[in-house]
Amino acid sequence: MSAVPSAEQLRSSIAGIIDPEIGRSLGDLDMLKTVTVTDGAGVVQVELPTPAYPDRGRISEAIQQVGTEKFAGLPIEVQFSSKVKGNNSGGTLGLRAANIIAVGSGKGGVGKSTISAALAYGLLNKGARVALLDADVYGPSIPHLVGLKGQPTIKQVQLPDGRTIDRIEPLESDGLKVMSMGFMVSEDQAVIWRGPMLHKWLTQLLHQTDWGELDYLIVDMPPGTGDVALTLSQSVQLAGAVVVCTPQQVALLDAVKAISMFNQVKIPILGMVENMSGDVFGRGGTRAKAEQLGLPCLGEVPINPRVRMLGDEGKISQLYAEASDTAAPLMQVCERTAMQIARNLLERPRMPTLEVL
């Protein structure tokens, strides 16, 4: 075809291009927002399901190839935007988060909190609206990792119906909103709570914290299996859980228990992350276990002393600012997690919109 196409002809020709990440056509996914042809050139605006979409250049090349092959070399400019979809999972609590992601592990010491913080900062750096909730009441380490101290402030907000409610202002580190029990107690103070107290505290933080509009709320879970997962499953509809473990068999045994816990409380598993991958703990054990369980492996993050140093200094956000061996693998975890959520949303039935206070 040699004539300059109309906008509709161009749209029709590119609508059948298969999205390389999701495996369905751009038209079927409603990713083509506007298509115009002016002065012998096309402009195509593509809306991605997440700003963490990996290698968007593949879509550009496929669209431009249509211009080359079907329309005698028609130049096409491809522009990208993104819109994160979700189930408004915290609507009944007044929580305006499109997707809530639990990050858990079967045992402590596998770097779960580091991965939680890195996941939050990675998605934030990609342009998403992100917050981080440290739900590890008994061992809150997020404040130290992100370099935050002090207590959050309480403000009063008047609702449209005239009621006045308290809202907690989360602390902020490098643009990331953070809440943790670590802001409420001193570093050497132990928290000794039974399940009902833990349930009340977690529900209160989800409900009363002024998170604002979020694309992703990352929840750093306590290690093992316990009350927090049950509270989350009863309070909000999670987008899913990321399970962190190290490669050796003793850690994988406990990771399987965490997966079983999430399955029992009906929290979907987004995938597994192998942390501290390398000579000390081995490599590839998580990928093999994920394949055995039929789960995605979201990435393998190599062991690197620089990660430990930045964590000790409260500067985990700098992981992506440095040309380290871990920056690219961590960003891959962020991209794969976001894309797994997008795939799951396309496969599950549309949920009714929940009332937001």
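**Exercise 1.** Leaving aside neighbours within four places in sequence, which residues is Ser-173 in contact with?

*Solution.* This is a predicted model, in which local features need pLDDT of at least 70 and side-chain atom pairs count only at pLDDT 80 or more, while totals for chains, interfaces and linings use all residues. Residues are numbered from 1 along each chain as its sequence is written, and side-chain values use heavy atoms, with hydrogens and water left out.

Step 1: take contact as heavy atoms within 4.5 Å. Step 3: list the partners, which are Tyr-121, Val-146 and Leu-148. The classes are buried under 20% relative accessible area, exposed over 50% and partly exposed in between, with a 1.4 Å probe and protein chains only.

**Exercise 2.** Describe the overall dimensions and surface of the chain.

*Solution.* Step 1: count the elements; the chain has ten helices and 13 strands. Step 2: compare the radius of gyration with the globule rule; the value is 22 Å, close to the 21 Å that the rule gives for 357 residues, so the chain is as compact as a globular protein of that length. The radius is taken over C-alpha atoms, and the rule is 2.2 Å times the number of residues to the power 0.38. Step 3: along its principal axes, the C-alpha trace spans about 75 × 60 × 35 Å. Step 4: the accessible surface comes to about 16,200 Å², and carbon and sulfur atoms hold 49% of this; the areas come from the Shrake-Rupley method with a 1.4 Å probe, and for residues only the protein chains shown count as cover. Step 5: of the 357 residues, 53% are buried. Step 6: among contacts between residues at least 6 apart in sequence, 72% join residues at least 24 apart.

**Exercise 3.** Which residues touch the most other members of the largest nonpolar core?

*Solution.* Step 1: define the core as a set of buried Ala, Val, Leu, Ile, Met, Phe, Trp, Tyr and Cys residues joined through side-chain atoms within 4.5 Å. Step 2: the largest such set has 87 residues, and Leu-123, Tyr-216, Leu-217, Ile-218 and Phe-262 touch the most other members. Step 3: helix α3 (residues 112–125) supplies the largest share of this core, eight residues. Step 4: another core lies apart from it, with 21 residues, among them Ile-14, Ile-17, Ile-22 and Leu-74. Step 5: for Leu-217, setting aside residues up to four places away in sequence, the residues touched include Leu-95, Ala-131 and Trp-211.

**Exercise 4.** Locate the residues other than glycine with positive phi, Asp-30 and Lys-266, and give their accessibility.

*Solution.* Step 1: Asp-30, with phi of about 55°, is in the loop between α1 (7–14) and β1 (32–38). Its relative accessibility of 46% makes Asp-30 partly exposed. Step 2: Lys-266, with phi near 65°, is in the loop between α7 (249–264) and β12 (269–277). At a relative accessible area of 73%, Lys-266 is exposed.

**Exercise 5.** Where is Pro-160 placed?

*Solution.* Step 1: Pro-160 is in the loop between β6 (154–158) and β7 (164–168). Step 2: Pro-160 is exposed, at 87% relative accessible area. Step 3: from Pro-160 to Gln-264, the separation is 104 residues in sequence and 39 Å in space, C-alpha to C-alpha.

Terms used. Helices (H or I, at least four residues) and strands (E, at least two) are DSSP runs, numbered from the N terminus.
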